[in-house]
Amino acid sequence: MERKDRRRKERREGGEREKKEEEVPKTFREGMASRDENMKRTDRVLRISQLDALELNKALEQLVWSQFTQCFHGFKPGLLARFEPEVKAFLWLFLWRFTIYSKNATVGQSVLNIQYKNDFSPNLRYQPLSKNQKLWYAVCTIGGKWLEERCYDLFRNRHVASFRKAKQCVNLVVGLLKLGRLINFLIFLQRGKFATLTERLLGIRSVFCRPQNVREVGFEYMNRELLWHSFAEFLIFLLPLVSIQKLKAKLSSWCIPLTRAPSSDSTLATSGRQCSLCGEWPTMPHTIGCEHVFCYYCVKSSFLFDASFACPKCGTEVHSLQPLKSGIEMTEVNAL
C-alpha cells in the first residue's frame, strides 16, 4: 500500500511539472506576441504625422524660394521670371541631395522622427531606399514640377493648331494624375500607408527612425483651459446685456439707504455743490425730479444710453430734465 501511494504521489508531481513546463512557454509566447503587437502599434506612423511632414516640406520650399528671390531684390525686375522653373528645379535638386539621397528622409520627416523605408524588400528589418528609388523619386517630384511649369509657360501664348493638340494631351495627362492622387489619398485615409502617389508607385513607406513610446496624455490642463475659455465666452456674451449704471445705482441704494425728502430750494442748495454722476462742480446744472443735481452732459448722455436711467443716489427715475434755477445757483456760489 505504501508503495502504491508513493507511485501515485510521484505521478502527480510529474504531471504538475509537465503542466508548469507547458505553461511557461505559453506565457512567454503570449508576452512576445503582445510585445510585437505593441511594437507594431508604436512603430506605425500616424496619418496626421505623414501629412504634417508634407506640409513642412512645402513650407520649407516656400521659405527657400523667398530667401533666394530676396538676393536679387536690387537687380532688374523680372530677371528670374524667364528661368524660374529651372532655378526652382536646381534648388529642389540641391535639397534632395542632402535629404532624401543622403538621409532617406525629407526635412519635415526629420523633424517628426520619420524616414523612408524600402517597402519592396522582403526583409522585415529596416531597409533603406535603393539608389534607383531615390533617383526616380527626384524624377517624379522635381522633374514633374519642372515639366508642368515649363509646359504651362510654353502653351500659354501659343495658339497654333499643333500646340493646341499638345496642350489637350498635356491637360489630359495632368487630369489623370490628379485623379490618381485623389484615389491614392482616399486609400491612404483608409489604410494609413503611402501618403502620395509617388510613394505608392516607388514602394517607399514612412516609418519611425527610433521606436516610439506610448504617450500618456494628461487632460487636466486641457480641461482647465476649456473651462476658462467657455467661462470667458459666456462673460463676453453677458456683459453687453448688463447696464452698469443701473447696477451701480441699485448697489449704492442697497449699501447706503437714503431717506427721500421732498424737493425744495434748501435741499437743492445743499446738494448742488457737486454732480451726482461725475462728482465735480456741476456744469450747466440740471435736475431730474429729485433733490440731486447733475451736469447737463452727464445726465443727458446717461439718459440717451439708457432710457430707464435713474438717480444713482436715490433711485428716482427721470421724469423731466429741468435746469437748476438761477437763484439757487447764486446762493450756492455765495455760500462757497
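Tutor: A residue is buried under 20% relative accessible area, exposed over 50%, and partly exposed in between, with a 1.4 Å probe and protein chains only. Helices (H or I, at least four residues) and strands (E, at least two) are DSSP runs, numbered from the N terminus. This is a predicted model, in which local features need pLDDT of at least 70 and side-chain atom pairs count only at pLDDT 80 or more, while totals for chains, interfaces and linings use all residues. Residues are numbered from 1 along each chain as its sequence is written, and side-chain values use heavy atoms, with hydrogens and water left out.

Student: Which residues of helix H12 are buried?

Tutor: An α-helix has 3.6 residues a turn, so residues three or four places apart point the same way. In H12 (residues 296–305), the buried residues are Cys-298, Val-299 and Ser-302. They lie on the same side of H12 because their arc around the axis is only 85°, the arc being that of the directions from the helix axis to the C-beta atoms. Tyr-297 and Leu-304 are exposed and sit on the face of H12 turned away from its buried side.

Student: Is Ser-302 buried or exposed?

Tutor: Ser-302 has a relative accessible area of 5%, so it is buried.

Student: How many aromatic pairs does the count come to?

Tutor: A pair of aromatic rings is described by the distance of the centres and the angle of the planes. The rings of Phe, Tyr and Trp (its six-membered ring) pair if their centres lie within 6.5 Å; planes under 30 degrees apart are stacked, over 60 edge-to-face, and the rest tilted. Here the count is nine aromatic pairs. One of them joins Phe-72 and Phe-75, a tilted pair at 5.6 Å centre to centre with 50° between the planes. Phe-72 is partly exposed, because its relative accessibility is 29%. Trp-228 and Phe-231 are also tilted, because their planes stand at 40°, with the ring centres 6.1 Å apart.

Student: Where do Trp-228 and Phe-231 lie?

Tutor: Both are in helix H9 (residues 220–238), three residues apart, about one turn of the helix. Trp-228 counts as exposed at 53% relative accessibility, whereas Phe-231 is partly exposed with a relative accessible area of 43%.

Student: Which residues form one aromatic cluster?

Tutor: Trp-65, Phe-68, Phe-72 and Phe-75 form it. Trp-65 also has the charged end of Lys-88 over its ring, 5.1 Å from the ring centre. A charge sits over a ring if NZ of Lys or CZ of Arg is within 6 Å of the ring centre and within 35 degrees of the ring normal. Lys-134 likewise lies over the face of Tyr-101, at 5.4 Å from the ring centre.

Student: What volume does the largest pocket have?

Tutor: Rolling a probe the size of a water molecule over the atoms shows where empty space is left. On a 1 Å grid over the protein atoms alone, a cavity is a set of points where a 1.4 Å probe fits but cannot get out, and a pocket is an open set with protein on both sides within 12 Å along at least five of seven lines; lining residues have an atom within 4 Å of a point. Grid points are joined across faces, edges and corners, and a volume is the space filled by probe spheres set on the points. The largest pocket has a volume of about 1600 Å³. Its lining has 46 residues, of which Cys-140, Thr-141, Lys-145, Arg-181 and Thr-198 lie nearest the centre. H6 (131–156) is among the helices that each supply at least two lining residues, and H6 gives the most, with twelve. Ala, Val, Leu, Ile, Met, Phe, Trp, Tyr, Cys and Pro count as nonpolar, Asp, Glu, Lys and Arg as charged, and the others, Gly among them, as polar. The pocket lining divides into 27 nonpolar, nine polar and ten charged residues.

Student: In which helix is Cys-140 found?

Tutor: Cys-140 is found in H6, and at 36% relative accessibility Cys-140 counts as partly exposed.

Student: Which residues line the largest cavity?

Tutor: The lining consists of Gln-50, Ala-53, Leu-54, Asn-57, Thr-106, Gln-109, Tyr-116, Ala-195, Glu-199 and Ser-206. Helix H2 (residues 47–70) gives the most, with four residues. The volume of this cavity is about 50 Å³.
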